[in-house]
Amino acid sequence: MEKLLLVDDEPKVVNGFVRHLREHYEIHTAGGGAEGLQVVRSNGPFAVIVSDYAMPDMNGVQFLEEVTKIDSESIRVILTGFADLEIAMNAVNRGQIFRFLTKPCSIEDFKLTLQAGIEQYRLVRAEKELLEQTLTGSVKALIEVLALVNPEAMGRANRLRRYVKEFSKDLGLENSWKFEIAALLSQMDCIEMAPSSGDANGHPISQTESTQKPPFIGAKVLANIPRLEDVVEILSYQDHHHHDVKCASQSQTREHPPIGARLLQVAADFDRLRMQDMPRGQAYEHLVDNQEKYDPAVMQSLKKLFVPDQRHIISKLPLSALQPHMVLAEGIFSEQGETLVAKGQDLSEWMITWLSQRTKWCPIQEPIAVVTQEEQVTT
């Protein structure tokens, strides 16, 4: 059953609509803008939010403007007793209003507007879910292929994704999938390109020249993919800390790097210290010594989620016992010592299958160390 919110300071109007609609929708009501915002925070999301325009604490346009900051997907409708074109235009431009209804409004027109709003809400939700699933699935496939090219870089990318995911959840950030994709793709610049035998004129290329890569190559590659603009911006700023205001890859300035880049900066620097076998508490204190580089809110989240000492229970398993989503406590190596999958990698079904097939012509070192349980130490 779809959820609706009706906001009006006239109880008779609200009660009248509720009587006709309660059998078909889950209806919530509020007597003003401030109360309505509280209802959105505590009971949202709502498919459609209908607000009266003339209310004492804040008008309907102001209320719906605030609603967009909490829930940008709800469909918003203004109901007013003033058939004023200027008010209507103001409502549409400022509050991103779907429809504008004038009082008195027949229940038939009201129902038709609600139904149209619900259909629009379903369309928006379906498009968002399709976008997230398609992009995330495509990036996951790309990452698994890149993991074969540079296992160490992709193991790091997976660790950064887990940090960023937990930060986003703790900070209540929307669209966390964008931050996770950025984390996964943040190591694209570490992928070594196959060196060419010569330049455009056939002259030999030195070893140094063959391994040089232009800055921000990952962002430039992804710029060609539609709907990844926010991810591109995060990657462009990933090496610029909280106090930096200008991105070297773009001719623009801003007060701070985007939030996704700030998450990634803390995750990357903390992970770098942890991979040097530095204890969690010591790694955190090292970042604190340079705290002007980092977003304070992200640092608080880091301390809350990852600083307490933890005990890892490691299991040594044969290849045949590996399962998807197990995390490697150590890398997987061939008998010749080649790194096949890096420490910290979250194993996928595809990766396990690839390892099993590879052993037919190139045995690997077994058993394999995986993290099977992680408990917070309380003593």
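**Figure 1. The whole chain, before we zoom in.** Of the 379 residues in the protein chain, 44% count as buried. Keep in mind that this is a predicted model. The chain has 14 helices and 10 strands. Take the contacts in the protein chain with a separation of 6 or more: residues 24 or more positions apart account for 63% of them.

**Figure 2. The open sheet that contains β1.** Here we look at five strands, which form an open sheet in the order β2-β1-β3-β4-β5, with parallel pairing. At the edges sit β2 (26-30) and β5 (99-102), each of which pairs on one side only. On average, neighbouring strands of this sheet are turned by 20 degrees against each other, ignoring direction. Helix α1 (residues 11-21) packs on the sheet and touches β1, β2 and β4 (75-80). The direction of α1 makes about 175 degrees with that of β2.

**Figure 3. Strand β1 and its two partners.** Zooming in on β1 (residues 3-7), we find four bridges joining this strand to β3 (residues 48-52), and the two run parallel. For a landmark on that side, pick L5, whose bridge partner in β3 is I49. Turning to the pairing with β2, five bridges join β1 to β2, again with the strands running parallel. A handy landmark here is L6, which stands opposite T29 in β2. As for cover, β1 is mostly hidden away: four of its five residues are buried.

Figure 4. L21 has a relative accessible area of 1%, so it is buried. What does L21 touch, leaving aside residues up to four places away in sequence? The list is I27, F110, K111 and L114. For a sense of scale, L21 and L4 are 17 residues apart in sequence, and their C-alpha atoms are 9.7 Å apart in space.

**Figure 5. Helices α6 and α7, side by side.** Now for a helix pair: α6 (residues 151-171) and α7 pack at an angle of about 160 degrees, with their axes 7 Å apart. That angle is over 145 degrees, so α6 and α7 are roughly antiparallel to each other. The crossing of the pair is right-handed. On the α6 side, the contact brings in M154, A157, N158, L160, R161, V164, K165 and S168. These meet S176, F179, E180, A183 and L184 in α7. Sorted by class, the residues of this α6 and α7 contact divide into seven nonpolar, three polar and three charged.

Figure 6. Is I181 buried or exposed? With a relative accessible area of 2%, I181 is buried. As a reference point, take R161: I181 and R161 are 20 residues apart in sequence and 7.6 Å apart in space, C-alpha to C-alpha.

**Figure 7. Helix α7 against helix α11.** This view pairs α7 (residues 176-185) with α11 (residues 259-274), packed at an angle of about 50 degrees and with axes 10 Å apart. That makes α7 oblique to α11. Their crossing is right-handed. From α7, the residues F179, A182 and A183 meet I259, G260, L263 and L264 in α11. The residues of this α7 and α11 contact divide into six nonpolar, one polar and no charged.

**Figure 8. Helix α6 crossing helix α13.** Back to α6, this time with α13 (residues 296-306): the axes of the two helices come within 10 Å and cross at roughly 105 degrees. An angle between 65 and 115 degrees counts as roughly perpendicular, and α6 and α13 are therefore roughly perpendicular to each other. From α6, the contact uses R162, Y163, E166, F167, D170 and L171. Their counterparts in α13 are A297, V298, S301, L302, K304, L305 and F306. By class, the contact of α6 with α13 has eight nonpolar, one polar and four charged residues.

Notes:
Residues are numbered from 1 along each chain as its sequence is written. This is a predicted model: local features need pLDDT of at least 70, side-chain atom pairs count only at pLDDT 80 or more; totals for chains, interfaces and linings use all residues. Side-chain values use heavy atoms; hydrogens and water are left out. Axes are lines fitted to C-alpha atoms, for helices over the stretch in contact, and angles run from 0 to 180 degrees between N-to-C directions. Angles under 35 degrees count as roughly parallel, over 145 as roughly antiparallel, 65 to 115 as roughly perpendicular and the rest as oblique. A crossing is left-handed if the near helix is turned anticlockwise from the far one by less than a right angle, and right-handed if clockwise. Contact means heavy atoms within 4.5 Å. Ala, Val, Leu, Ile, Met, Phe, Trp, Tyr, Cys and Pro count as nonpolar, Asp, Glu, Lys and Arg as charged, and the others, Gly among them, as polar. Two strands pair if DSSP finds at least two bridges between them. Buried means under 20% relative accessible area, exposed over 50%, partly exposed in between (1.4 Å probe, protein chains only).
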